Amino acid sequence: MPSNENSPENHNQSVNMGGGLPIISYWAEKTLHPKGGLLWQRLLHKSACLSCAWGTGGQKGGFHNEDEEPLQRCAKSVEAIASELMDAVPADVLTGTSLEELQKLTSMQADKLGRLSFPVIKRANTSFYEPISWQEVYEIVEAGFRKSPDRIASYSSGRSSNEAAFLLQLLMRAAGSNNLADCSDLCHAPSTVGLKEMFGSGTSMVSLADLKKSDCVVLVGSNAPANHPRLMNELIQVRDRGGKVIIINPLIEVGLVKFASPAYPIKSLLTGSDIASFYLQPISGSDVALFLGIQKSLIEKELVQYDYLQQYTEGWEAVIKQAQTLTWSEITNCCGIAQEEIEIAAQMIGTSQRVVFAWAMGITQHANAVDNIFSIANTALLTGNAGKEGAGTMPIRGHSNVQGFGSMGVTIRLKEEILQTLEKLLQRPLSRQLGYDTRALIAASDRHQIDTLLCLGGNLYGANPDSEQAKRALGKIETIIYISTKPNLGHFHGLGKQNTLIIPVFARFENPHKTTTESGNNFVRLNDEGTSHLKENADLISEVKFLTEIADRIHGNTPINWRSLQDTKYVRKLIAETTPGYEKIGDIDDTKTEFTIEGRIFHKPEFGTPSRKAQMFVTPLPQLIVPSLEDFGLPSTITGMVLILGTGRSYGQHNTVVYKEGDYYRGIPHRNCILMNEIDAKQAHWQEHQWVTVQGNAGKLEDVEIIFGQIRQGSALMFYPEVNAIFSAPIDNRCGTPAFKRVPVAVYTRVN
């Protein structure tokens, strides 16, 4: 595996592993803060983590996971909770500052304003937010929802509950609209689409208990040390029991080489634990080629499980033929990995007994993302690693309840069987018209085709590529309603044409009623009620109450008494009646028994397809074209180069919310940096810390600081949401996800 001698630097201090004492120091800092007591109350509260979908849960709550293991909270959880425990945004700041000034804030500055504590509105032809009464809020929202159904839309994120998600989609579908865009459209939609076609289920087939039985994990396109730190505990355990961890990523993330986990203070915290057994750095966007190479090598090494393929899969012959037909030069030229290295990875996979294939957005945010999923799952099937304990495919969800939103029907691809149960509930036919996913929603808005948009959490403006287009498109919508706990840049840039409302709501651990959430491994946890530290100084509402109030005003009380759904126990009864696999949620209030959703964890090679067999698909080699500087309209006299940029989160960031300015792991001091290979820089006669311009196909950023890192030659990394302003990404039309991880950019220092 590659050497770790040239680790990134942070303030001239070498970072040679992830985790470790800096994490302990961070916990201590937050504990000693004046709100440290409140923080620990929330950490011990029985509710799912606000951060990633590798969430805490289990009957014991607090620090325990779904297998009741202790010490399962991480710094990401502390960051998220501490942010929600901020004081309220002062009224004179929120309503006394012009939008022109608020638009100058960075994402981190917007978050640090504090908690939203009273409803506000920005009206047409004004430049300030102003307070608004709840009566007028409901009048404006009701009027907005009385528009034509095809001109009403919603957007959502995963920080809310299953109950709120179910009510959102029921409200929208009862209004006749299927325009249920979701943040998952921008991240794991390829996983859902691809896995559903192959296995009949679009989620992980691996439980946490399964992962503990694996002897090999293939982790692709993930920065788990920063985004899912508790997954690192599982990788440490894999190595401790003699297993292998294969990392595939164009960038060497130091925490994926060695990680020091506070959960293991004796064996790991001080010295660190080895993570990667083998580390491959392919060309960005070439994952299909790499996995075709692994498949070809498995065939040549006679490590393919043909009996398994014949008995449990369909379409395998074409997959085998494709891998056999491709030449090694075609494969290696595309992915940039030598045949010998590919063969080592294939040998590790083919000789292991229980292999888990896991991936994150480094796989899904590409123009051929669904093919990426197919190629990974094909490899799992060729080796018989699907449909048995300790093995299978495992997409790693980024947002804490984003998978729950999909389960609750917040999707434009709702299963017909769920539509039929909803029709029975609502006692009338529902529309089968395909709704707008997130990118289609932006495009429709830009065409003046959306009148009303309800955003349940998230940052629709900040999450999209081509920030100028997003701002312009949102500005053509008559009424936008943001349901949020904290300010974000979308509230200041994503302004509606007539009315922009911000509705302040309780955080998950503050809700006055019980809620549920779903982890990325299909585990449903029950969250206890809570209280807000803002107390009498705030005019907050729960998401459930707000949605049911709107629904009651629009739809009346037949055939559903919407106001009765303010009792979340009743909502869970309806979920049990309408959502396959969720039957146990109907009596979870009485049994207090959390559960794994039926029909998703495959311990036998009997899948959820009509034939009960896994479906395999041929995956074409991607055509990875690199434009020239001239293609960016730049003169021949320029000093520069074209790099393939991947957008990413920093160490102190959750989705579009930035908690810290720099990136400790990668040695990046601030947000306006480009991480690139030192060899690339020297070819252009550039030095580290030199300032350059980075130009995409939709704009440019100036005074960008060069930082050297262990990234593949020809590749680079910059942080979103800031870098979203400069490019308009192609999408995979099968799932609607943009190619955030392969963005050609021109980097230059001089134009004569």
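pLDDT is the predictor's confidence in each residue, on a scale from 0 to 100. The structure above is a predicted model, and its average pLDDT is 94, with 97% of the residues scoring at least 70. One stretch to handle with care is residues 1-13, where pLDDT stays under 50 although the model has 33 contacts there beyond four places in sequence. Where pLDDT is low, the predicted coordinates should not be read in detail.

Now to the barrel. It is closed by 6 strands in the order E23-E29-E26-E28-E27-E32, with mixed pairing. From one strand to the next, the twist averages 45 degrees. Strands E26 and E28 run parallel and are joined by 4 bridges; Cys673 has Glu705 in E28 as its bridge partner.

Next, the nonpolar cores, side by side:

| Core | Size | Residues, among them |
|---|---|---|
| Largest nonpolar core | 106 residues | Phe199, Val218, Ile294, Leu309, Leu381, Met394 |
| Second, separate core | 60 residues | Val89, Cys183, Cys455, Ile726 |

The residues named for the largest core are those with the most contacts inside it.

Finally, a helix. H7 covers residues 134-145, and its 12 residues should span 16 Å at 1.5 Å a residue, so the 16 Å between its end C-alpha atoms agrees with expectation. Buried residues in H7 are Trp134, Val137, Tyr138, Ile140, Val141, Glu142, Gly144 and Phe145.

Methods
Residues numbered from 1 in each chain as written. Predicted model: local features only at pLDDT ≥ 70, side-chain atom pairs only at ≥ 80, totals over all residues. Heavy atoms only, no water. Pairing = 2+ DSSP bridges. Helix = DSSP H or I, 4+ residues; strand = E, 2+ residues; numbered from the N terminus. Axes fitted to C-alpha atoms, helices over the stretch in contact; angles between N-to-C directions. Expected span 1.5 Å × (residues − 1). Buried < 20%, exposed > 50% of the residue type's maximum accessible area, 1.4 Å probe, protein only. Contact = heavy atoms within 4.5 Å. Core = buried A, V, L, I, M, F, W, Y, C linked by side-chain atoms within 4.5 Å.
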